[in-house]
Amino acid sequence: MNVVVFVKYIPNPEGTPKLGEDFRLVREGVEGGLDPGDEHGVEAALQLAEQTGGEVTVVSMGPEPAVGAVRRALSMGAHKGVLITDDALKGADVLATARVLAGTVKRQDFDLILAGVESTDGYTGTLPMAVAELLGIPCATFARSLEHKDGSIRIERQTEMGYDVVECSLPALVTLTAGANEPRYPTLKGIMQAKQKPTDTLALSDLGLSTEEVKATQEVMGVEPVPAKEGGEIVEDPGEAPSRVVEFLTKAKVI
Amino acid sequence: MPGVWVYAEVSPDGAVEPGALENLTKARGLGSSVAAVALGPGATKAAETAGRFGAETLYASDDQVFADYIAQPAAHALHQLVQQHQPEVVLFSLTYDSRDVAGRLQAKTGSTLMANATDLLGPDYAQTQIFGGSQIVDVTLSGPNPKLVITRPKSFQAEPAGGGPAKVEPVQVEIPDELKKAHRLERQEQAASGPKMEEAKVVIAGGRGLQQAENFKLLDELAAALGNAAVGASRAVVDAGWVPYAMQIGQTGKTVSPELYIAVGISGAIQHLVGMKTAKRIIAINKDKDAPIFQYADLGIVGDALKIVPEITAAIRAKKG
């Protein structure tokens with residue numbers, strides 16, 4: 001089974017994010033890497049390819065350094081990578097990104113597309129569904145487990161109350177939660193091999209998309225800090241803690 | 001008749017998902033006609049609640065197909081309705097099903113979609129918060145109608161308007177077979193003990209500072225002593241497999257806004273803060289006195305949670321007698 005995995009290059013989540021003058025997240029000159037949420041998609045793809053035979057293709061859209069995210073997935077074991085990078089895509093919103101990813105996937109054979117639930121930096125969380133719609137395929141989202149059997153897949157789909165069991169024919173798109181698997185670490189051998197694996201770089205024109213089709217539809221008018229909350233009380237003597245908490249709870253009428 | 005629409009998830013008994021009621025309340029204030037769309041068993045029964053919270057019209061279909069297949073039938077029907085009635089904006093809750101439907105609808109209409117909105121000032125003007133809720137961002141929305149907006153839960157309080165039932169407009173849309181592929185075979189509800197996290201007056205959340213999964217029982221004991229308290233967790237310990245995902249609070253988990261939030265051994269990463277910082281009062285217990293969570297706490301306790309939490313539990317029991 002041939003599996004496509006969407007991955008995103010994001011600024012290091014442990015770092016302090018900054019906004020540029022255009023109110024966009026500063027991505028240049030900032031240490032970054034593969035979104036940790038996407039590693040679960042890569043892991044699931046590798047497991048399926050190992051079980052069934054077939055190839056794993058990693059697809060990412062982003063600035064040139066985003067090839068780092070693709071390479072990380074390749075070093076985990078994916079077979080080939082595609083990076084779509086184009087100046088016209090700077091600041092692209094969800095729909096533009098969906099059009100680019102759908103256009104890229106259409107260029108090749110696939111049985112299944114895997115993605116994370118949402119990116120760690122933007123967290124819109126609707127991109128995969130938009131891609132599925134553009135491709136006209138079903139989408140089994142928020143999977144906390146994924147099994148493949150006889151040309152269809154079965155997932156446990158996270159819900160507010162528990163989970164649903166969802167079965168879906170292929171081709172399909174599945175999004176995976178962090179609970180779905182434990183992503184593997186790249187081995188040294190994997191890291192060495194990744195450098196030799198084919199990685200295509202595409203521009204918007206390669207996908208037959210116009211700049212009009214990827215125009216942003218949201219404009220940030222301003223950013224202002226939320227009024228700071230007044231500092232609370234800090235108790236540094238743990239011995240005092242129980243009485244202070246009880247006093248606080250009593251005042252707040254919680255007890 | 002352009003207007004503001006709210007996509008409302010319903011249960012078979014006609015109950016409306018809380019986020020949809022918050023959105024209806026917000027929609028009323030935008031000076032336009034308000035309608036709700038409910039698809040699936042219980043939709044028609046939701047007319048009373050939808051009306052009470054401000055919907056003049058309820059587009060409803062009780063068809064089981066919307067419950068049996070993920071998103072595609074609902075997005076198809078909603079798209080037809082939107083084409084027919086041309087609303088200016090459609091509001092969605094940040095739930096699993098609504099996100100699926102909104103994402104698909106966007107690809108059909110080519111409209112803008114804004115997620116995680118914390119306020120809506122007009123049909124094309126919304127706000128969101130970034131960097132753990134420390135910055136408010138004003139965003140204008142352009143492109144074809146309807147604008148699609150997914151709101152963060154608890155961004156506004158749901159308040160009934162006191163109106164009568166919404167006028168039900170039956171939705172009659174044929175769902176093609178090719179949209180019946182992602183089949184929901186069963187629903188498993190995991191019975192949680194105690195109140196639901198989103199509804200509890202007190203939420204006690206544990207993080208890495210608890211050191212191991214077994215120590216969550218200290219929080220259960222504290223919850224029992226307080227009463228009407230639910231126990232949640234940070235992403236770190238959910239990822240570590242200590243507790244189920246359903247307990248996760250934060251960006252990728254639940255958003256809670258209780259009377260009191262007690263953060264135990266949680267440092268206060270941005271991704272956690274967005275899920276709890278609207279709590280009315282916050283107590284934080286953490287070993288590291290520089291932990292960011294203390295900037296949000298009304299009462300901060302610096303020390304070892306494993307030692308302090310049982311002492312607090314005992315003191316509360318003593319006080320309650």
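In which loop of chain B does Asn228(B) lie? Asn228(B) is found in the loop between α6 and β12 (229-233) of chain B, where helices (H or I, at least four residues) and strands (E, at least two) are DSSP runs numbered from the N terminus. The model is predicted; local features need pLDDT of at least 70, side-chain atom pairs count only at pLDDT 80 or more, and totals for chains, interfaces and linings use all residues. Residues are numbered from 1 along each chain as its sequence is written, while chains are lettered from A and ligands numbered from 1 in the order in which they are written.

**Backbone features**

Most residues other than glycine have a negative phi, and most peptide bonds are trans.

| Site | Backbone value | Location |
|---|---|---|
| Asn228(B) | phi about 45° | loop between α6 and β12 (229-233) of chain B |
| Asn145(B) to Pro146(B) | cis, omega about -5° | Pro146(B) in the loop between β7 and β8 (147-151) of chain B |
| Leu170(A) to Pro171(A) | cis, omega near 0° | Pro171(A) in the loop between β9 (162-169) and β10 (172-176) of chain A |

Burial is judged from C-beta atoms placed from the backbone: a residue is buried if 20 or more other C-beta atoms lie within 10 Å of its own, exposed if 12 or fewer, and partly exposed in between. Lys154(B) has 22 other C-beta atoms within 10 Å and is therefore buried. Asn228(B) has 14 C-beta neighbours inside 10 Å, so Asn228(B) counts as partly exposed.

**Chain B as a whole**

Chain B contains nine helices and 15 strands. Its C-alpha trace spans about 60 × 40 × 40 Å along the principal axes. Of the 321 residues, 57% count as buried. Among contacts in chain B with a separation of 6 or more, 68% come from residues 24 or more positions apart, a contact being two residues whose C-beta atoms, placed from the backbone, lie within 7 Å.

**Packing of α6(B) and α9(B)**

The axes of helix α6 (residues 216-226) and helix α9 (residues 305-320) of chain B come within 9 Å and cross at roughly 20°. The two helices are therefore roughly parallel to each other, a description used for angles under 35 degrees. On the α6(B) side the contact includes Leu218(B), Leu222(B) and Ala225(B), and on the α9(B) side it includes Val309(B), Ile312(B) and Ile316(B). The residues of this contact divide into 10 nonpolar, one polar and two charged. Here Ala, Val, Leu, Ile, Met, Phe, Trp, Tyr, Cys and Pro count as nonpolar, Asp, Glu, Lys and Arg as charged, and the others, Gly among them, as polar.

**Contact between the chains**

The contact takes 72 residues from chain B and 62 residues from chain A. Elements that each supply at least two residues of the chain B side include α4 (72-85), β5 (113-122), β14 (281-286) and α9. Helix α5(B) gives the most to this side, with nine residues. The side of chain B that touches chain A has 31 nonpolar, 21 polar and 20 charged residues.

Terms used. Axes fitted to C-alpha atoms, helices over the stretch in contact; angles between N-to-C directions. Parallel < 35°, antiparallel > 145°, perpendicular 65-115°, else oblique.
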